[in-house]
Amino acid sequence: MRARRIVVTDHSFPSLTHEETAAASSGAEIVDGRNATAEDDVAAVTTGADVVLLTFAEITDRVLAGLAPDAVVIRYGIGVDTIDVDAATRRGIRVCNVPDYGADTVADHTIALALAVLRRVVDYHREITGSPDGWVGATAIGAIPALSDLTYGLVGTGQIGRKVAARIRAFGSSVIAYDPYADAGILAAEGIRLVGIEELLARADVISVHAPLTRETTHLIDADAIARMKRTAILVNTARGALVDTVAAAEAVSSGRLGGLGLDVFEREPLEHGHALRTAPRTLLTPHAAFYSETSLRNLQRLAAEEAGRALRGEPLRCAVNG
């Protein structure tokens with residue numbers, strides 16, 4: 001009888017203890033393919049695999065074709081945009097994610113970016129460290145609104161978006177949201193008013209994006225959408241880089257057409273040399289780190305490994321994203 005295999009592709013975890021436990025409980029072997037991200041490498045290391053766990057590896061139709069029948073592919077995280085889900089469905093391969101490992105951490109990071117840009121924290125720091133007398137007047141750097149005067153706009157009201165709303169409402173801000181799939185009554189009970197995209201773009205002082213990346217949502221926030229925002233508006237993205245046209249965003253903030261940017265994700269990662277975001281004013285960048293805390297990382301591995309165990313035992317999966 002063929003020994004079943006769990007293959008872990010690209011990762012930076014210090015150990016694979018949870019994954020090894022899941023494998024051992026089902027008599028499976030585990031392969032650590034931590035350097036496999038490109039299609040050729042992924043295809044080579046995953047051939048015949050029953051379970052594949054990945055971070056950002058390319059799971060193409062060619063890779064899927066080499067997996068064992070009825071294999072399961074599990075993403076360490078939420079987005080599955082590096083996985084050809086349609087091809088997996090055609091081949092009878094189930095795809096899973098881990099949507100709830102670090103929602104609080106991402107919401108915290110979103111608010112941290114929004115407040116740091118809004119309160120001009122980096123600008124103040126640069127003025128103090130770069131000025132001859134080591135000081136700057138509080139009002140010299142520009143107008144800063146009170147948080148209680150803000151209208152905060154959410155694009156997407158899933159688990160993370162709603163946690164962001166709860167956090168910003170604690171500061172006294174009002175919250176509006178655009179989400180074509182949301183229930184207005186449920187959101188209203190949480191202090192969130194559902195509006196159309198035009199109203200959100202026109203009214204929000206801060207806009208944060210919390211949508212999945214699909215063909216329809218790619219560049220959801222493009223040059224046209226930015227042009228409809230307030231000139232003082234701040235745009236925050238901790239979801240998927242391609243939801244925002246980052247070149248248009250950088251141009252807008254550099255020209256004074258947009259009030260600021262707080263971005264944790266980019267269309268290409270790492271952020272390429274010479275990208276306009278690197279020198280854009282009132283822009284705060286973090287390296288796809290919104291998910292990270294010690295607790296969230298432990299949760300991520302544990303929940304993904306538990307899903308792998310269910311897959312090997314033939315049990316119902318907790319977070320399948322296809323049939």
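Tutor: Let's start with a cut-off: a residue counts as buried when its relative accessible area is under 20%, and as exposed when that area is over 50%. Keep in mind that this is a predicted model.

Student: Okay, so is His 288 buried or exposed?

Tutor: First find His 288 in the loop between β12 and α12. Its relative accessibility is 17%, and the cut-off for buried is under 20%, so His 288 counts as buried.

Student: Which loop holds Arg 282, and how accessible is Arg 282?

Tutor: Arg 282 also has a positive phi, near 50°, without being a glycine. Look for Arg 282 in the loop between β11 and β12. Buried means under 20% and exposed means over 50%, so Arg 282 counts as partly exposed, with a relative accessibility of 22%.

Student: Where is the cis peptide bond?

Tutor: Most peptide bonds are trans. Here, though, there's one with omega at about 0°. Its proline, Pro 270, lies in the loop between β11 (260-263) and β12 (283-285). The cis bond joins Glu 269 and Pro 270.

Student: Switching to helices, how do α1 and α12 run relative to each other?

Tutor: Helix α1 covers residues 17-25 and helix α12 covers residues 294-313, and their axes are 8 Å apart. They pack at an angle of about 15°. Angles under 35 degrees count as roughly parallel, so α1 is roughly parallel to α12.

Student: What is the handedness of that crossing, and how many charged residues are in the contact?

Tutor: The crossing of α1 and α12 is right-handed. On the α1 side the contact includes His 18 and Glu 19, and on the α12 side it includes Arg 298 and Leu 312. Sorted by class, the contact has four nonpolar and four polar residues, and the number of charged ones is four.

Student: Is Ala 103 buried or exposed?

Tutor: Ala 103 sits in helix α5, which covers residues 103-118. Leaving out residues up to four places away in sequence, Ala 103 touches Gln 159, Ile 160 and Lys 163. Its relative accessible area is 6%, so Ala 103 is buried.

Student: How many Å apart in space are Ala 103 and Tyr 292?

Tutor: Along the sequence, Ala 103 and Tyr 292 are 189 residues apart. Going C-alpha to C-alpha in space, the separation of Ala 103 and Tyr 292 is 10 Å.

Technical notes
Residues are numbered from 1 along each chain as its sequence is written. This is a predicted model: local features need pLDDT of at least 70, side-chain atom pairs count only at pLDDT 80 or more; totals for chains, interfaces and linings use all residues. Side-chain values use heavy atoms; hydrogens and water are left out. Axes are lines fitted to C-alpha atoms, for helices over the stretch in contact, and angles run from 0 to 180 degrees between N-to-C directions. Helices (H or I, at least four residues) and strands (E, at least two) are DSSP runs, numbered from the N terminus. Angles under 35 degrees count as roughly parallel, over 145 as roughly antiparallel, 65 to 115 as roughly perpendicular and the rest as oblique. A crossing is left-handed if the near helix is turned anticlockwise from the far one by less than a right angle, and right-handed if clockwise. Contact means heavy atoms within 4.5 Å. Ala, Val, Leu, Ile, Met, Phe, Trp, Tyr, Cys and Pro count as nonpolar, Asp, Glu, Lys and Arg as charged, and the others, Gly among them, as polar. Buried means under 20% relative accessible area, exposed over 50%, partly exposed in between (1.4 Å probe, protein chains only).
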